[in-house]
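Trainee: I'd like to learn how to read a model like this one, feature by feature. Where do we begin?

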Amino acid sequence: MFRRTFWFTAGAAAGVWATTKVNRKLKQLTPESLAAQAANKAIETGHRLKDFALDIRDGMAEREVELGEALGLQNHPDAELPAPRRFAVIESHSSYKNDIKTQYNGNEDH
């Protein structure tokens with residue numbers, strides 16, 4: 001009698017366990033659950049890509065400093081910038097326009 005009770009209890013426990021497992025899997029396979037899982041994976045992937053991009057940016061900055069030191073290009077943020085250059089072409093072009101205007105304003109017969 002004890003054997004029968006033991007096996008009945010073991011069978012009932014196995015049935016409850018299997019039913020619980022199947023119900024959990026079915027809930028995981030609903031469209032809402034699948035959409036939530038996909039959204040979570042997309043967010044996680046986005047965070048990983050952002051971290052990767054930040055690591056790349058940091059590496060680029062470090063390499064730029066290394067190259068600057070190796071080539072002797074020292075950036076001094078306190079140094080003054082050179083004065084802006086004015087090209088003679090620009091100045092002569094504006095005076096050329098003024099000469100043409102005064103030359104043709106009086107003679108409209110041409």
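Mentor: With what counts as a helix: a DSSP run of H or I, at least four residues long, numbered from the N terminus. Keep in mind too that this is a predicted model.

Trainee: Okay, how many helices and strands does the protein chain have?

Mentor: There are 3 helices and 0 strands. Reading from the N terminus, the order is α-α-α.

Trainee: What follows α2?

Mentor: Gly-72 does, and its phi is positive, near 75°.

Trainee: Let's move to charges. What should I look for in general?

Mentor: Side chains of opposite charge can pair when their charged atoms come close. In this structure you'll find 2 salt bridges. One of them joins the side chains of Glu-44 and Arg-48, at 2.8 Å from N to O.

Trainee: Why can Glu-44 and Arg-48 reach each other along the helix?

Mentor: First the general idea: an α-helix has 3.6 residues a turn, so residues three or four places apart point the same way. Now the case: Glu-44 and Arg-48 are 4 residues apart in helix α2, which covers residues 31-71, so about one helical turn separates them.

Trainee: And the other bridge, which side chains meet there?

Mentor: Those of Arg-63 and Glu-66, with 3.2 Å from N to O. Both lie in helix α2, 3 residues apart, again about one turn of the helix.

Trainee: What about nonpolar side chains on the surface? Which ones form a patch?

Mentor: Phe-52, Ile-56 and Met-60 do, and together they have about 320 Å² of accessible area. Met-60 belongs to helix α2. With a relative accessible area of 53%, Met-60 lands in the exposed class.

Trainee: Now aromatics. How is a pair of rings described?

Mentor: By the distance of the centres and the angle of the planes. Here the count is 1 aromatic pair. The partners are Phe-6 and Trp-7, 5.1 Å centre to centre with 75° between the planes, which makes the pair edge-to-face.

Trainee: How accessible are Phe-6 and Trp-7?

Mentor: Phe-6 is partly exposed at 46% relative accessibility, and Trp-7 is exposed at 59%.

Trainee: Last one, for the chain as a whole: what share of the residues is buried?

Mentor: Buried residues make up 2% of the 110 residues in the protein chain. The chain exposes about 11100 Å², and carbon and sulfur atoms supply 61% of that area.

Note on methods. Residues numbered from 1 in each chain as written. Predicted model: local features only at pLDDT ≥ 70, side-chain atom pairs only at ≥ 80, totals over all residues. Heavy atoms only, no water. Phe/Tyr/Trp six-rings, centres within 6.5 Å; stacked < 30°, edge-to-face > 60°. Buried < 20%, exposed > 50% of the residue type's maximum accessible area, 1.4 Å probe, protein only. Salt bridge = Lys/Arg side-chain N within 4 Å of Asp/Glu carboxyl O. Helix = DSSP H or I, 4+ residues; strand = E, 2+ residues; numbered from the N terminus. Patch = residues over 30% accessible without salt bridge, like charges linked within 9 Å, V, L, I, M, F, W, Y side chains within 5 Å. Areas by Shrake-Rupley, 256 points an atom, 1.4 Å probe, with all protein chains shown as cover.
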